[in-house]
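Here are my notes on this model, point by point. Please keep the structure open while you read.

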Amino acid sequence: MPWRRGRRPAAAIEHVPRVVQRHIASFTLGPEAVRRAREAVTEHLPAAGVAPGSAFADAVLLVTSELVANVLRHAPRSPVMDVGITVAAGQLVVSVADAEPRLPDLSDEGMGAGLRMVAELAADHDGDVSAEPAVDHDGKVVLVRFSMPS
């Protein structure tokens with residue numbers, strides 16, 4: 001091609017899927033749920049590149065605690081909940097799924113103090129909060145995204 005004369009060919013760009021780390025643990029609802037969820041998340045933070053005891057780790061654990069407490073408060077008929085962390089593309093996502101199909105009101109007017117704190121912690125780390133219907137059951141999943149610290 002005439003416009004390419006004299007140019008060396010560009011290196012081929014290899015399309016390699018990004019590495020995704022995902023860990024999910026299921027818990028029955030009860031008084032030990034918050035502690036067990038925090039322990040499960042804590043166990044996987046070092047593999048995700050998050051320093052234990054760091055401000056970022058503390059934020060992730062506080063968000064986990066609040067989301068699980070919300071399940072205990074607002075989805076008491078849910079027999080179990082799934083708590084997960086996913087790390088990919090510079091983000092860490094905390095997810096909590098339950099069997100309650102009603103989505104939380106994430107508007108400024110509709111959020112309670114706990115979800116407002118969760119949203120503020122996510123925003124402090126260039127993240128956000130969302131909720132969506134679950135894919136594999138009638139419930140929902142609440143997702144909190146954080147940008148990983150550099």
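1. Start with helix α2. Of its 20 residues, 14 are buried, so α2 is largely enclosed by the rest of the structure. Keep in mind that this is a predicted model. The helix reaches 28 Å from its first C-alpha to its last, close to the 28 Å expected at 1.5 Å a residue.

2. Now the overall layout. The protein chain holds 3 helices and 5 strands. From the N terminus on, the order of elements is β-α-α-β-β-α-β-β. Of the 150 residues, 36% count as buried. Take the contacts between residues at least 6 apart in sequence: 65% of them join residues at least 24 apart.

3. What angle do α1 and α2 make where they pack? Helix α1 covers residues 33-44, and its angle to α2 is about 145°. The two axes are 9 Å apart. The crossing of α1 past α2 is right-handed.

4. Look next at who meets whom in that pair. The α1 side supplies Ala33, Val34, Ala37, Arg38, Val41 and Thr42. The α2 side supplies Val60, Leu61, Leu62, Thr64, Ser65, Val68, Ala69 and Leu72. By class, this contact has 10 nonpolar, 3 polar and 1 charged residues.

5. An α-helix has 3.6 residues a turn, so residues three or four places apart point the same way.

6. Is Val60 buried or exposed? Its relative accessible area is 0%, so Val60 is buried. Leaving out residues up to four places away in sequence, Val60 touches Val41, Leu45, Leu92, Val94 and Phe146. Val50 is 10 residues from Val60 along the chain, and their C-alpha atoms are separated by 9.7 Å.

7. Helix α2 also packs on helix α3. Here α2 spans residues 55-74 and α3 spans residues 113-124. Their axes come within 10 Å and cross at roughly 155°. The two helices are therefore roughly antiparallel to each other. The crossing of α2 past α3 is left-handed.

8. Which residues make this second contact? From α2 come Ala59, Leu62, Val63, Glu66, Leu67 and Asn70. From α3 come Gly114, Leu115, Met117, Val118 and Leu121. The residues of this contact divide into 8 nonpolar, 2 polar and 1 charged.

9. Check Leu29. It sits in the loop between β1 (21-28) and α1. At 23% relative accessibility, Leu29 counts as partly exposed. Beyond residues up to four places away in sequence, Leu29 touches Val71, Leu72, Ala75, Pro76, Ser78, Pro79, Val80 and Met81. Pro76 is 47 residues away from Leu29 in sequence, yet the C-alpha to C-alpha distance is 7.6 Å.

10. Is Glu100 buried or exposed? With a relative accessible area of 16%, Glu100 is buried; the cut-off for buried is under 20%. Setting aside neighbours within four places in sequence, Glu100 is in contact with His74, Ala75, Arg77, Gly139 and Lys140.

11. Ala89 has phi near 50°, a positive value in a residue other than glycine. Ala89 lies in the loop between β2 (80-88) and β3. With a relative accessible area of 53%, Ala89 is exposed.

12. The other angle belongs to Asp126. Its phi is positive, about 50°, although Asp126 is not a glycine. Where is Asp126 placed? It is in the loop between α3 and β4 (128-133). At 65% relative accessibility, Asp126 counts as exposed.

Technical notes
Residues are numbered from 1 along each chain as its sequence is written. This is a predicted model: local features need pLDDT of at least 70, side-chain atom pairs count only at pLDDT 80 or more; totals for chains, interfaces and linings use all residues. Side-chain values use heavy atoms; hydrogens and water are left out. Axes are lines fitted to C-alpha atoms, for helices over the stretch in contact, and angles run from 0 to 180 degrees between N-to-C directions. Helices (H or I, at least four residues) and strands (E, at least two) are DSSP runs, numbered from the N terminus. Angles under 35 degrees count as roughly parallel, over 145 as roughly antiparallel, 65 to 115 as roughly perpendicular and the rest as oblique. A crossing is left-handed if the near helix is turned anticlockwise from the far one by less than a right angle, and right-handed if clockwise. Contact means heavy atoms within 4.5 Å. Ala, Val, Leu, Ile, Met, Phe, Trp, Tyr, Cys and Pro count as nonpolar, Asp, Glu, Lys and Arg as charged, and the others, Gly among them, as polar. The expected span of a helix is 1.5 Å times one less than its number of residues. Buried means under 20% relative accessible area, exposed over 50%, partly exposed in between (1.4 Å probe, protein chains only).
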